[in-house]
Amino acid sequence: MLISNDQNCLCGLEEPYRDCCQPFHRGEKIPLTAEKLMRSRFVAYEYRLTDYLLKTWHNETRPETIEYTDNMHWTQLSVNGRKKGRKKDSEGWVTFVAHYSIGKQAGFLHEKSYFKKNSEGYWQYVDGEFKN
Ligand SMILES: [Zn+2]
């Protein structure tokens, strides 16, 4: 997918990518909430930003590398629940539905993700559980 700086960010917030998740991806800004981090990671999966995905993955659960599925595109994100994960918290949960397509097939993933702040105070993804 082409990255357009002017379009609304793929993360679902109504802001252009350049003002939304791009500064996180470039390391110019740090997401202050677990939800913002989660949204930026969704976009990073679509844009195949492996370094960003690994950097924002907690070291207890971080894989060696990220496996992508050929032809798979992440198309839309809806956040439908959150617990803690605010600026002042040290852990948080975000529930979301992430829509994807593989070729002509479409599907979605309903997940509750768990996030923790690392020792430097940056939000990181720990793990997730699938929901029905
Ligand atoms: Zn965004």
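Student: Which residue in S2 stands opposite Arg-82?

Tutor: Val-94 in S2 stands opposite Arg-82. Before we go on, keep in mind that this is a predicted model, where local features need pLDDT of at least 70, side-chain atom pairs count only at pLDDT 80 or more, and totals for chains, interfaces and linings use all residues. Residues are numbered from 1 along each chain as its sequence is written.

Student: What are the elements of the protein, from the N terminus on?

Tutor: Helices (H or I, at least four residues) and strands (E, at least two) are DSSP runs, numbered from the N terminus. Here there are three helices and four strands, and they run α-α-α-β-β-β-β. The radius of gyration (taken over C-alpha atoms) is 14 Å, close to the 14 Å of the globule rule (2.2 Å times the number of residues to the power 0.38) for 132 residues, so the protein is as compact as a globular protein of that length.

Student: In what order do the four strands lie in the sheet?

Tutor: Strands of a sheet pair through backbone hydrogen bonds, either parallel or antiparallel. We say that two strands pair if DSSP finds at least two bridges between them. In this model the four strands form an open sheet in the order S1-S2-S3-S4, with antiparallel pairing. Strands S1 (72-84) and S4 (123-130) stand at the edges with a single partner strand each, so one side of each has no neighbour in the sheet. From one strand to the next, the twist averages 30°.

Student: How many bridges join S1 to S2?

Tutor: Eleven bridges join S1 to S2, and Lys-84 has Gly-92 in S2 as its bridge partner. Twelve bridges join S2 (residues 91-102) to S3 (residues 105-117).

Student: Which residues take a positive phi in the hairpins?

Tutor: Look at the glycines. The hairpin of S1 and S2 has six residues between the strands, and Gly-85 there takes a positive phi near 75°. In the hairpin of S2 and S3, with two residues between the strands, Gly-103 has a positive phi near 60°.

Student: Which helix packs on the sheet?

Tutor: Helix H2 (residues 34-47) does, touching S1, S2, S3 and S4. The direction of H2 makes about 170° with that of S1; axes are lines fitted to C-alpha atoms, for helices over the stretch in contact, and angles run from 0 to 180 degrees between N-to-C directions.

Student: Why does Glu-91 count as partly exposed?

Tutor: A residue is buried if 20 or more other C-beta atoms, placed from the backbone, lie within 10 Å of its own, exposed if 12 or fewer, and partly exposed in between. Glu-91 has 14 C-beta neighbours inside 10 Å, so it counts as partly exposed. Contact means C-beta atoms, placed from the backbone, within 7 Å. Leaving aside neighbours within four places in sequence, Glu-91 is in contact with Lys-84, Phe-115 and Lys-116.

Student: Which residues touch the most other members of the largest nonpolar core?

Tutor: In soluble globular proteins, nonpolar side chains tend to be buried together. A nonpolar core is a set of buried Ala, Val, Leu, Ile, Met, Phe, Trp, Tyr and Cys residues joined through C-beta atoms within 7 Å. The largest one here has 22 residues, and Cys-9, Cys-11, Cys-21, Met-38, Val-43 and Phe-115 touch the most other members. H2 gives the most to this core, with six residues.

Note on methods
Two residues are in contact if their C-beta atoms, placed from the backbone, lie within 7 Å.
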